[in-house]
Amino acid sequence: MSSLQKLPGQDLLSCFTKLSEGNETERIQATKLILKRLSQNSSSEQQANGLNSDVKYSVNRLVQGLSSGRKFARQGFSTALCQMLRVMECIDSRLILSIIKEKSKLSHAGKPSKSEVSNILLGQVCGFLALIHSGRLFLDGDEAVQEVVKQLLQLASKRTHLQQICRSGIAQIIAKVSSDQFVGSVLPHLEAEFHQGWKACVPDTLYLLLTANRHHHSKVKKLLKDSWSGSSLISEKNYPQVANIVWASTSCHPTIHNCINEILLTVNEKSEVATFWKCVCRPLLTGDTKVSKKILALHMFESLLPSLKDASVMEEILVPDIVTVVASLRPKRTDELSVRIRRMMALLGRYVGESGSADLQLASLRSLMTTPGSCMLDSHTGTSLLADIIAKLLPEAQKKVLAELMKASQIKQSWIVASEGRRLGECLQWCAREMATLVINPNIDHADMLACLQLLYLRSFFTVTIPNKSIPFCTVLNADVQPSYYKCVLDTFMKSVSKLLTVNIKGVSRLSQLNGHMDLMFSLLQYGQLLLTSPGHLKLTNPPDGLQIEEEWGQLVQVVSEIDIKRKGEERLSGSHAFELLYFHTALQLLIEPDIALETLQDLHVCYKRSCKKRKLLTKEDGPAWIEVVTELLLSLMFKGSAMSRSVANIVMATLAEHVTPQALQLIVEALQQSSLTSEDGVVGVEESMDSDMEDDMDTSEQQLEEGSSSEEEEEDGDDEEDSGVEEESLSVPEELKANVKAALGEAAVIEGEDNSEQEDVEVSDSEMMQLDSMLAAAFRSMKRGKQVDKDKQRQLHTFKIRVLDLVDMLIKHHPTPSLLTMIVLPLVDRVVGGIRNQDEQTLANRAHNTLMLLCKVKKLEPEEGSSSDRLLEVLQLLIQFAAKVSLPDLVTDVTKCCILVIKTILQQPSVSPLKTRATAAQNTPSTVRGIDQVVSMVRDAVFALLNSKKAHCPAPLLHTLLQRFTKLFWPLTKNILATLESQDCKVFMKSQCANFLLLMINKQTVSELEAERWSEFVASWKTSATKVLAAVNEGDLKKSFVEEVLSVCIRVHQLQPDTEVLDEDVLERLHSQRSHLSQTSRAHLNKLMPDLTVEERRVKKGKKKEAKTWD
């Protein structure tokens, strides 16, 4: 750059610096700013060459920046130069070529370094490419095109790493020029190279020739016939030469040569994929080829995938070439080839799954499972190729695959599993798992689903000794399989039945789904009877000791047949669905745990018979109500690890919810309150109730919150915070630990209770001391293991309680009653508090909180015969007492919602969700309701406990919510609140609370609901009280917040009844005289309450303030 050249402004110079930034967004933004600045200055003074100083500087700076070795510099400067050539029409190609030539000269004397030369050469290439990409090159005549082609060929010959990029630039020129320009400006420079033919052909030559043939076929047609044996370069007769060039292109690994993509484009157009793959691509994968060739073959397969629409072609390519490569993959390998194989497998799985062709999907699966592949391909390679394809199978393909899986499971001829395979057991387990995946698919019809379940059922529980063609799948398994296979089949069968029970099919009602499942299970039950009554052909795999279940099974089938007939005639979920499900589950358990299942079955028979009787016919001699026995059975199912057992329990509870009695609910409550997995009373133990020891529990929780978290050692041992103050001497040592330590010490042990002062010290050698240390360490490790066992038991108990809460959810969703509310709300709150006391119970506490919120959102409680408000009042009292001992806002909110629901239930009005209720619905209470006086009395006591500053009082937010929700109910409290407001003994803060209570209770709905006489009486009382209170306010002892609360109530009353005078004029005048000491809100309220004369004075005063402000 000349020293006399004028530099542009600093803002433009800073943009050039940002072109080298690593952030792409900043580089693009800098390019836009440069173009904007140059466009604004386009009308400035022009130089002799037609460019103003800024444009000339920018062009020189951008071309010079192309040779910079800084990272990201070439990207930024190339982009800016390309965009400038597109926008600035005054810049022609000749100028850029001259600048490129000028900048290619070294600026210093001496021999340049290799890096300097490389940067300059690469900068020239980037400049030529900018001309090509911008399109400017093709607007300035043939000479510029000839010069660029010539320069690119020269640069390609100077450096190997520049060959591909230079040839790519020439190919772009060939694609963009007209046929005449190609013949006149491009072909003369390439003609000698094109005439060499296949013998001297290299990938670069073939790339340019294919591009020329594609865009200017008529101009090179004669050349192709003379030197390339025909006008079609990529044809079957030329595949050997093409293969040599493809193999030679691997020299530029890891870059894929441009000629490869051009060859593949031509192959896809001609639809010669199979032949091309066989002649050109397959040799890249066969034998001990290099990694570069295998990667090239995988790239070509990925590019050819969209053309593989024929199943036979797909199978021909996959086997054995691609399958061999895939089978060689091993999990956790991260080398270059393994990464490329995983990428190819992901593309293959996505393409086959979304192909829309069942034949192509089946062909792909069949190929991948053919040797060297197998059905265990996913586990061997650590991928999910087979799983991805199977998950996206079309309905037609799903049915065929399921049929093949069933054939493979019977060791019949199938393309899935080879009967003589080395890992036959693993393959059979895989078949069982895939059958379970497909059997729950809604596209599988009932017959195929039943056949699949029958096969799994037979393999799970029976062993075939003699084949019987009359019994489905009664064939001998002619293979030596491990016991793990039968365990896998059993687990798979149980999971399949469980998923079928819980699956949700879109567009199908829950009743229809459940009926379909029961039809399936009933057919399976009959199939089981057929198997049990064929002892000559089958035997139980695990026969029960000394028990004959055939007779019990026959009776079970008979009972279920009767229930099934009733169930099919019912139009909604009923007890028939519940009992049939329980019988199905018990029938399965009869083959797994016959001892327990037989007892359950007897109870189930009794419960079903008693459920069929009318309530009037039941007598005390009949024992516990049948629903109580069923509830105990459901609780026992919740304790099992089987997901199917829990699903059955939830569905049965939802179906029988309307039959649940308070006695049955008590069993659920006891399960939630039990403190251990076993107790003297049975399965369910009862821990201390919340109301009996509430104060101690809450004192403990508050102490924990104040002291913070305990130390890591205390958290690990699970010690309770209440024991933190116990002296060390009083800590009890487990007797088992004492015995272990005493045994480890031997003679050195001190006998407890004896005088050891006169005993001689026992001398112990070093070796004995080392042995003693190891024995002591073993003793203390045993104590630690015991603690871990206790933790595991406690974790199991919490898991059981979480499952019991699922039953509670079913009751809340399907039949919420007042008894459910009274019996379950306190245990739920207790569980929520348990999460605060103990971090280990946090999961259980969160689950209990969800159930509690579900209960509070109930829209309507079902009417219950014989329900009384006494228990509801007791629960409300306990909730209010409980709220007085908590300080956490979230817990107070939860208790408030519970109180709202309880009060609504007491009022016996249509229950509205306490979360989204309107004041209209909440205040629509009857005039005479049992328990109203008690409710009002409880809230009155809570309000005055708060106002009298008692130590344990109800939180203000709870009272605010209750008074606002049930204003009409608690309106009598306004007299007591006004009396407290006037009291001289009450503190100002509590008086503010009184005013706040009144403000919450007064609204438009209140006026419309109350009788006119009661409202007028309140307004008069309020005027008297407010006047008395405000008249006693002194200027020196004025409480801003208190006056603001009182005036807020006055404004609310004034808004509801504008014609009523809410304060005497002398009180208003006195407040006006003290307005400088009032808050801004109080002054605004006072302005609205002032008489007209005072208002006029206020306006004059306001005008003076504005005038003074303007003068300032």
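A salt bridge is taken here as a side-chain nitrogen of Lys or Arg within 4 Å of a carboxyl oxygen of Asp or Glu. By this criterion, Asp519, Asp564, Arg567, Lys568 and Glu580 are joined in a network of salt bridges, and the structure holds 31 salt bridges. The model is predicted, so that local features need pLDDT of at least 70 and side-chain atom pairs count only at pLDDT 80 or more, while totals for chains, interfaces and linings use all residues. Residues are numbered from 1 along each chain as its sequence is written, and side-chain values use heavy atoms, with hydrogens and water left out.

Arg167 pairs with Glu193 in a salt bridge whose closest N and O atoms are 3.0 Å apart. This pair links distant parts of the chain, 26 residues apart, with Arg167 in helix H8 (residues 163-176) and Glu193 in helix H9 (residues 179-194); helices (H or I, at least four residues) are DSSP runs numbered from the N terminus. Arg167 is buried, at 13% relative accessibility, and Glu193 is likewise buried, at 16%, where buried means under 20% relative accessible area, exposed over 50%, and partly exposed in between (1.4 Å probe, protein chains only).

A salt bridge also forms between Arg214 and Glu269, with the closest N and O atoms 2.8 Å apart. Here, too, distant parts of the chain are linked, as Arg214 lies in helix H10 (residues 203-215) and Glu269 in helix H13 (residues 258-270), 55 residues apart. Arg214 is partly exposed, at 32% relative accessibility.

Within helix H21 (residues 395-409), Glu404 and Lys407 lie three residues apart, about one turn of the helix, and their side chains meet in a salt bridge at 3.5 Å, N to O. Glu404 is buried, with a relative accessible area of 14%, whereas Lys407 is partly exposed, with 31%.

Technical notes. Helix = DSSP H or I, 4+ residues; strand = E, 2+ residues; numbered from the N terminus.
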